[in-house]
Amino acid sequence: MKLFITGASSGIGAALARHYARLHAGDLIIGIAGRHAERLTTLGGELGRACVQTYIHDVTDRIALRKAADDFLLRFGTPDLVIANAGISTGTDGGRDGDMEVLSRVLETNVTGLAATLQPFVVPMRTAGRGRLVGIASVAGFRGLPGSGAYSASKAAAIAWLEALRVELHGSGVRVVTICPGYIDTPMTRVNNYIMPFVMSAEEGAKRIARAIDSGRSLVIVPWQMRLVFSVLRLLPPWMHDAIFSRVPRKPLI
Ligand code: NDP
């Protein structure tokens with residue numbers, strides 16, 4: 001099993017790396033990417049008998065992403081699985097000075113960074129006629145959440161970009177999977193000062209995400225309770241959405 005994953009230094013990414021290391025033990029080749037070398041080194045030490053290659057880069061640096069992908073391909077060949085997981089979330093307010101800079105940074109990380117992570121692997125996978133390209137989006141991409149405008153917009157764009165890629169690769173043997181988690185307990189959500197419905201540990205989240213990737217479905221909301229909630233919320237007419245969401249708590253502004 002050959003896996004390349006971004007955002008591996010924390011939260012869901014680190015938990016996914018540990019999950020696959022447990023599952024595949026000495027049979028795993030894993031490229032772990034992030035910006036913080038020491039965190040990735042610590043994670044590498046937790047991955048048992050897996051063959052670990054560390055990549056230190058920012059997902060907004062497309063040249064560095066391409067170099068990392070080329071290095072992985074050269075050393076190990078075409079991966080079985082690539083997970084574009086790196087992302088940021090920050091409270092926003094559309095009327096605030098400085099909000100456009102935040103929007104731009106969030107889009108650059110969560111949309112362009114996700115696409116640029118997967119892109120170098122598309123041709124090798126298509127040539128091999130196999131492989132899975134996974135993007136970690138969010139249920140926040142289904143509706144515009146107040147106080148999370150930049151994040152919601154980025155995840156909506158990620159969902160659409162992944163869908164387009166899936167159609168482009170239709171029939172090639174390469175699968176594109178969009179994962180939309182609800183709330184998972186990680187440094188990203190620990191700043192939220194409100195009750196998060198159906199929140200789960202990163203370990204449990206990773207287990208369910210891995211199962212979702214294997215399920216053969218193209219877009220999976222995790223956990224199933226959130227799937228039920230969002231299957232209704234996605235269909236609400238705008239007036240009802242606005243009335244309900246104007247009351248929900250907002251992510252703190254930074
Ligand atoms: P964390 O903050 O714990 O981890 C985010 C990861 O992304 C870190 O490893 C961080 O690496 C990496 N990262 C962020 N920005 C960059 C960047 N510019 N370049 C490279 N790496 C970067 O958050 P989560 O684990 O919770 O989030 C992982 C993904 O899951 C994100 O895409 C998030 O939007 C999504 N998600 C999370 C949910 C949740 O409830 N937690 C719900 C829905 C979706 P480092 O800082 O070390 O460089």
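Leaving aside its neighbours within four places in sequence, which residues is Ile32 in contact with?

A: Bear in mind that this is a predicted model. Once the neighbours within four places in sequence are set aside, Ile32 is in contact with Ile5, Ala8, Ala17, Leu40, Leu43, Gly44, Leu47, Val52, Gln53, Thr54 and Tyr55.

Now for the setting. Ile32 belongs to the largest nonpolar core, a set of 34 residues, and is listed with Leu3, Tyr20, Ile30, Ile83, Ile179 and Ile209 as having the most contacts inside it. Helix 1 gives the most to this core, namely seven residues. There's another core as well, lying apart from that one: it has 22 residues, including Phe76, Leu114, Leu118 and Phe121. As general background, nonpolar side chains in soluble globular proteins tend to be buried together.

In total, 31 residues surround the ligand, and the closest are Ser9, Ser10, Tyr151, Ile184 and Thr186. By class, the shell splits into 13 nonpolar, 14 polar and four charged residues.

The side chain of Ser10 has an N or O atom 2.6 Å from a ligand oxygen. For Arg39, again through an N or O atom of the side chain, the distance to a ligand oxygen is 3.1 Å. With Asn85 it's a polar backbone atom, 2.8 Å from an oxygen of the ligand. As for cover, the ligand taken alone exposes 880 Å², and the protein buries 94% of that.

Ala25 is partly exposed, at a relative accessible area of 26%. Phe198 is another non-glycine residue with a positive phi, near 60°, and its place is the loop between strand 7 (184-185) and strand 8 (200-201). Phe198 is partly exposed too, with a relative accessible area of 39%.

One more for your list: the peptide bond from Val222 to Pro223 is cis, with omega near 0°. You'll find Pro223 in the loop between strand 9 (219-222) and helix 7 (224-233). For reference, most residues other than glycine have a negative phi, and most peptide bonds are trans.

Conventions: Residues are numbered from 1 along each chain as its sequence is written. This is a predicted model: local features need pLDDT of at least 70, side-chain atom pairs count only at pLDDT 80 or more; totals for chains, interfaces and linings use all residues. Side-chain values use heavy atoms; hydrogens and water are left out. A residue is near a molecule or strand if one of its heavy atoms lies within 4 Å of it. A polar contact is a pair of N or O atoms within 3.5 Å; within protein, one must be able to donate a hydrogen and the other to accept it, and residues adjacent in sequence count only if both atoms are side-chain atoms. Accessible areas come from the Shrake-Rupley method with a 1.4 Å probe; for residues, only the protein chains shown count as cover. Ala, Val, Leu, Ile, Met, Phe, Trp, Tyr, Cys and Pro count as nonpolar, Asp, Glu, Lys and Arg as charged, and the others, Gly among them, as polar. Helices (H or I, at least four residues) and strands (E, at least two) are DSSP runs, numbered from the N terminus. Buried means under 20% relative accessible area, exposed over 50%, partly exposed in between (1.4 Å probe, protein chains only). A nonpolar core is a set of buried Ala, Val, Leu, Ile, Met, Phe, Trp, Tyr and Cys residues joined through side-chain atoms within 4.5 Å. Contact means heavy atoms within 4.5 Å.
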